[in-house]
Amino acid sequence: MVRGKIEMKRIENATSRQVTFSKRRNGLLKKAFELSVLCDAQVSVIIFSQKGRLYEFSSSDMQETIKRYHKHAKAGQTNKIEVEEYVEQLKHESTAMAKKIENLEASQRKLLGHGLDSCSVEELQEITGQLERSVRKIRERKAHLFAEQMEQLRAKERLLLEENAKLSEEFGAQPRLLLQQQQLSVEEKGAVSYWSLSSPSSEVETELFIGPPVTRC
């Protein structure tokens, strides 16, 4: 026969309530004993009846078990307090960080020229000083970058000049020698032409006439 599901509420009948208490108490103590034996666990059970009567079971010394329980409960409570304090600290840090971010955003807007109506003369002077310092740092950084770029360009120029000199040494000797030979050939031809024009030819005939000139009709 299948047992029906018991409704979990206080049993109103005192006799039935006492019978149920006795059965379930014995079953609970039996289960505690079996758990301690089968699993080698330290188990302690303390039961007080409705009339205040004490029932207990412990696989070891009850007082040692209670001390151990208090120790762990205190440690757990301490850890809980530490966790709560840590969470509270994080909340304060988060609030302070949000306030700092808000101030930075307001300062940034003022540096961009927004929201200046509520600024005093001292605040405007401070903003002006910040802008001047920022511009000075930007110019210094810009000059530094330009100097680095110029140095890199000079280094590249030196490398190109060295490569050009090497190439001139390797490939520039033969063209210069050929040019010198051509110049010598042109000079020799010019000298020969000069002597051929300036020296008299042996094949030219000359005649000498003595007496009065002859008149031809």
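Student: What does arginine 154 count as, by relative accessibility?
Tutor: Buried means under 20% relative accessible area, exposed over 50%, partly exposed in between (1.4 Å probe, protein chains only). Arginine 154 counts as partly exposed because its relative accessibility is 41%. This is a predicted model: local features need pLDDT of at least 70, side-chain atom pairs count only at pLDDT 80 or more, and totals for chains, interfaces and linings use all residues. Residues are numbered from 1 along each chain as its sequence is written, and side-chain values use heavy atoms, leaving out hydrogens and water.

Student: Which residues are linked with Arg154 in a network of salt bridges?
Tutor: Side chains of opposite charge can pair when their charged atoms come close. The test is a side-chain nitrogen of Lys or Arg within 4 Å of a carboxyl oxygen of Asp or Glu. Here Glu151, Arg154 and Arg158 form the network. Glutamate 151 has its closest N–O distance to arginine 154 at 3.9 Å, and to arginine 158 at 3.8 Å. Arginine 158 is partly exposed, at 43%.

Student: How many salt bridges does the structure hold?
Tutor: Three. One of them joins arginine 10 to glutamate 12, at 3.4 Å, N to O. Glutamate 12 is exposed, at 62%.

Student: Which residues make up the largest nonpolar core?
Tutor: Such a core is a set of buried Ala, Val, Leu, Ile, Met, Phe, Trp, Tyr and Cys residues joined through side-chain atoms within 4.5 Å. The largest has seven: Leu29, Ala32, Val43, Val45, Ile47, Tyr55 and Phe57.

Student: Is serine 36 buried or exposed?
Tutor: Buried, because its relative accessibility is 10%.
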